[in-house]
Amino acid sequence: ITNGTTNGTSNDACKKSALVTGADGQDGSYLCELLLGQGYTVHGLVRHHSEVTSEKPSRRSLGTAAVQYHYGDVLDPFSLIKILRASKPDEVYHLAAQSHVGLSFSTSSYTSDVDALGTLRVLEAIVALGMEKTVRFYNACSSEVFGDVRDPVQNEQTRFNPRSPYAVAKLYSYYTTVNFRDQGVFAVNGILFNHESPRRGMDFVTRKISRAVALIHHGDAMELTLGNLDSFRDWGHARDYVRGMWLMMQQDEPSDYVLATGETHSVRIFCEEAFRIIGVCLEWDGEGVDEVGVNVKTGKVLVRIDPKLARPLEVGYLLGSAQKAADRLKWKPEITFQQLVREMVMADIKALEAGSNL
Ligand code: GDP
């Protein structure tokens, strides 16, 4: 399937071409927008879903039919070869993944196949087509590879200590990318700390909170149920992070970069900040699984703990330093934590008011 601009005009021949795997995900949709804005011809690899329950953000927000989507799957090497051949990319942004850490514990073999071997398959396909001298490759690695951290701040030198099937698979993808680079491919790893937005999937904690706060505000829900309130994450905005991905690919030499805000907040703080947007001040009462978040004004319980939401292994604390990206890429995040939370809550409120099912 292709949806989009016609190929082969003289104008298109001078344009750079990019292939984005996972183009309909949160990062993929922002990245496609950025690349289109930079004048690229943009191809997106997307998986076919038999049931389309909601409009994909990338398609909706792009507004034009400028991205050329191709059905494929990183589990299917032949689809990768066909799409690479059709799109003739100068740059490949490999974002497709089973991206949920919690889910990776119950689908560990599948997660490994997609996230570890998926990266290998894309790189092998590039080499099989003889494109390795002309194509630049970006791998979406993750701060989850740091896992059970000992260093108070993590950067490119920090020891890896993965704590989930997801993180182990991403570490495989990291070293695979490094090995191809060592063989001469322009291949980079973006070690991105958590990055969120109104387009984040509902099962990630930030979006779960923003959506629940909107529902409570709207009178459609009474309570929000969470797992571990005390894990800390370095949360940035996905729009800032896709700019960093692009910058990594424009350098003279390939290298790996951490992208992070340099600030960390707990899930608890994220909740407090999100409820503050709707004018609710939360206070915490009780301990462990009996702890609750209470509306100070009304005394109503708004947040409860469900121990079933806790993970078999947890990454308790992440805080990144993007000094290398600041020095070499001149990258720094522009959207603050408070702005991020506000944007997410307001977007969910707006969607509810508009009657959207998102
Ligand atoms: P991750 O950092 O990629 O795992 O991103 P998530 O948004 O899935 O989780 C961030 C942190 O929030 C983790 O430490 C989770 O254990 C914690 N958390 C607490 N309650 C929840 C919940 O209900 N859902 C999710 N997804 N995470 C939760």
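Colleague: Which residues come nearest to the ligand?

Modeller: V101, F204, V205, G227 and S231 come nearest, out of 18 residues around the ligand. A residue counts as near if its C-beta atom, placed from the backbone, lies within 6 Å. Bear in mind this is a predicted model: local features need pLDDT of at least 70, side-chain atom pairs count only at pLDDT 80 or more, and totals for chains, interfaces and linings use all residues. Residues are numbered from 1 along each chain as its sequence is written.

Colleague: Which element gives the most to that shell?

Modeller: Helix 8, with three residues. Helices (H or I, at least four residues) and strands (E, at least two) are DSSP runs, numbered from the N terminus.

Colleague: And by class, what is in the shell?

Modeller: Six nonpolar, six polar and six charged residues. Here Ala, Val, Leu, Ile, Met, Phe, Trp, Tyr, Cys and Pro are nonpolar, Asp, Glu, Lys and Arg are charged, and the others, Gly among them, are polar.

Colleague: Switching topic: in what order do the four strands of the open sheet come?

Modeller: The order is 8-15-14-13, with mixed pairing. Two strands pair if DSSP finds at least two bridges between them. Strand 8 (224–226) and strand 13 each have a single partner strand, so one side of each is left without a neighbour in the sheet.

Colleague: Do strand 8 and strand 15 run parallel or antiparallel?

Modeller: Parallel, joined by three bridges. L226 stands opposite I305 in strand 15.

Colleague: How many bridges join strand 13 to strand 14?

Modeller: Four, and strand 13 (residues 282–285) and strand 14 (residues 292–295) run antiparallel. L282 stands opposite N295 in strand 14. Their hairpin has six residues between the strands, and G286 takes a positive phi near 90° there.

Colleague: What about strand 14 and strand 15, how many residues lie between them?

Modeller: Five, in another hairpin, where G299 in the turn has a positive phi of about 80°. The two strands pair in the antiparallel sense over three bridges, and G293 stands opposite V303 in strand 15.

Colleague: Zooming out, how many helices and strands are in the chain?

Modeller: There are 12 helices and 15 strands.

Colleague: How much of the chain is buried?

Modeller: Buried residues make up 44% of the 358 residues. Buried means 20 or more other C-beta atoms lie within 10 Å of a residue's own, with C-beta atoms placed from the backbone.

Note on methods:
Buried ≥ 20, exposed ≤ 12 C-beta atoms within 10 Å, placed from the backbone.
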